[in-house]
Each structure stands twice: as structure tokens, then as C-alpha cells.
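Please find below a short note for a colleague. The points move from the overall fold to one selected site.

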Amino acid sequence: MEIYRLPALSDNYIFLLHDPNQNIAAVVDPAEVKPVLEKLELLGAELVTIFNTHHHHDHVGANQKLIQKFPKLTVYGGVEDRGRIPGQQVFLQEGDRVHFAQRVGEVLFVPGHTSGHIAYYFPPLVAGEIGELFCGDTLFAGGCGRLFEGTPVQMVESLSKLRNLPENTRIWCAHEYTLKNLQFAMTVDRENPDLQARFAEVKEARSRNEATVPSMIGVEKRTNPFLRWEQPALQLAVQSQDPVQTFAHLRGKKDRF
Ligand code: ZN
Ligand code: FE
């Protein structure tokens, strides 16, 4: 399975999965039609699957047009998003499995950003190698999604599931928000040497207009304040000792940042 990152809209990423053996493709959260069709043409591949993580327009905006173009394709999304994802045919819940290019994806229910949000985790084919996580707007590089439809308790539970994945899991998140996220992180965790180093790297990369996605779970655990609710430095920054309260205060501060 080859993964391509296609920039879309102002700061979205669409991920195109290609199976070179069968020459078929899947897309995760197609925000726009054009970049998908261009990539399919370059590869000479047929689109057979849309994997949606949640119902927001910048993630499902191209569903309808892609279905018109490829009438046989199958649209996957979370069961709680029934009626909100255009063309949805498969209604997934925690523990369900999806298949693409000899890989098996595990569905994780991760509400918080929206009430029906799911993520797709493809474990490595060989234990110890790199796994792939498509997590939409739940976990970002250096940050997490806003709580539009969920509570801090739900989001902490959802992010805990992602944090428990193996460290060498690639995080294919749906937006290029990393620099802004790390600018915020530096205001609450500035003594963290891993964060300082990452902030410098990301500033450098963005000044050259390079993408900072995918990230890795291991990197996020060491530097993302929204996975570090039990760290004393972060609890001190928001004057709380309760993990969920710490998370909620951090999320509130970031909303106003
Ligand atoms: Zn969203
Ligand atoms: Fe989004």
C-alpha cells in the first residue's frame, strides 16, 4: 500500500492509498475532486473506496462527485454519522475492520471533535514495522481538534486510544496546523527539550514550505501538549492536577490562542 498526501483547500490533506498490484485506489477524506482525479490519472488507477473520518464539509466535500465518476466505489464512515456523510454505504463502529491492498484497517471510535468521528488504524504487516493511522481532525501534529460536538472526557478517552498505539505509527492527520500548534505548545511546555527541538525543525520546514504530516505517535507523546495531561509541567501551566481538567484548560487556552 502506497500512501500519497494531496494538499487541498487552504490547509487540508487528502490521503490517497494505492494498491499497485490491482491498480486500485482509496481516498481518505476527499475535500476536493481535482487533486484526487489528477493523482488517479497519473497512477492510471481506479478509485474503489472512500474512507471518511467525520462529516465536516472539508472532509466529505468531494464524495458526491467522486461517486458520479466512479459509480462502483464504496463509501465508509462512522455509524453515528448516518445521514451526514454524502453517499455513505458502510456504517462502522469500534472494532470493525476494513480491507485495502492486503492490509486490514481497524476502526477506532474517537468522538470529541464531532460526535461520530472515527479513525482507521492499519497495523504493520510485520510486527515492529511502521503502522498507519488516519485520524481526521482528532489528533494533529502538535495539537488536537476543537471540541465542536464532544466533551473533554470523550476527547481524553479518544486521544488515549491513539496514544496507546505503537510509537512507530505514522499519523496522517487532515490539516497542516503544526507550526501554529507548536507555537501554542511552547507557551505551556517551554522547558521540554524535545518540544524545543521539534519547534525549531518545524519552523525550518515550514519556511521552505515543506509538509509536516505525517508525524509519529512517539514524537507526539513527547511533544504534543494534548497527549500530556499527566505531565507536571502542563498541569502547573493550567493550575490543575486532574488529567481531564488539565486537558480541558489546555483546549480552552488553545481556542483563545
Ligand atoms: Zn473537522
Ligand atoms: Fe477539518
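The numbered points below treat the whole chain and then a single residue.

1. Basis. This is a predicted model, in which local features need pLDDT of at least 70, side-chain atom pairs count only at pLDDT 80 or more, and totals for chains, interfaces and linings use all residues. Residues are numbered from 1 along each chain as its sequence is written, chains are lettered from A and ligands numbered from 1 in the order in which they are written, and side-chain values use heavy atoms, with hydrogens and water left out.

2. Fold and dimensions. The protein chain contains nine helices and 14 strands (DSSP runs: helices are H or I with at least four residues, strands E with at least two). Its radius of gyration is 18 Å, in agreement with the value near 18 Å for a compact globule of 257 residues (C-alpha atoms; the rule is 2.2 Å times the number of residues to the power 0.38). The C-alpha atoms fill a box of roughly 55 × 40 × 35 Å along the principal axes.

3. Burial. Of the 257 residues, 54% are buried (under 20% relative accessible area, 1.4 Å probe, protein chains only).

4. Asp137. This residue sits in the loop between β10 (131–136) and β11 (139–140). Asp137 is buried, at 4% relative accessible area. Leaving aside residues up to four places away in sequence, Asp137 touches several residues, among them His54, His56, Asp58, His59 and His175 (contact: heavy atoms within 4.5 Å).

5. Polar contact. Which side chain makes a polar contact with the side chain of Asp137? The partner is His113, at 3.2 Å (N or O atoms within 3.5 Å, one able to donate a hydrogen and the other to accept it; residues adjacent in sequence count only if both atoms are side-chain atoms).

Conventions
Buried means under 20% relative accessible area, exposed over 50%, partly exposed in between (1.4 Å probe, protein chains only).
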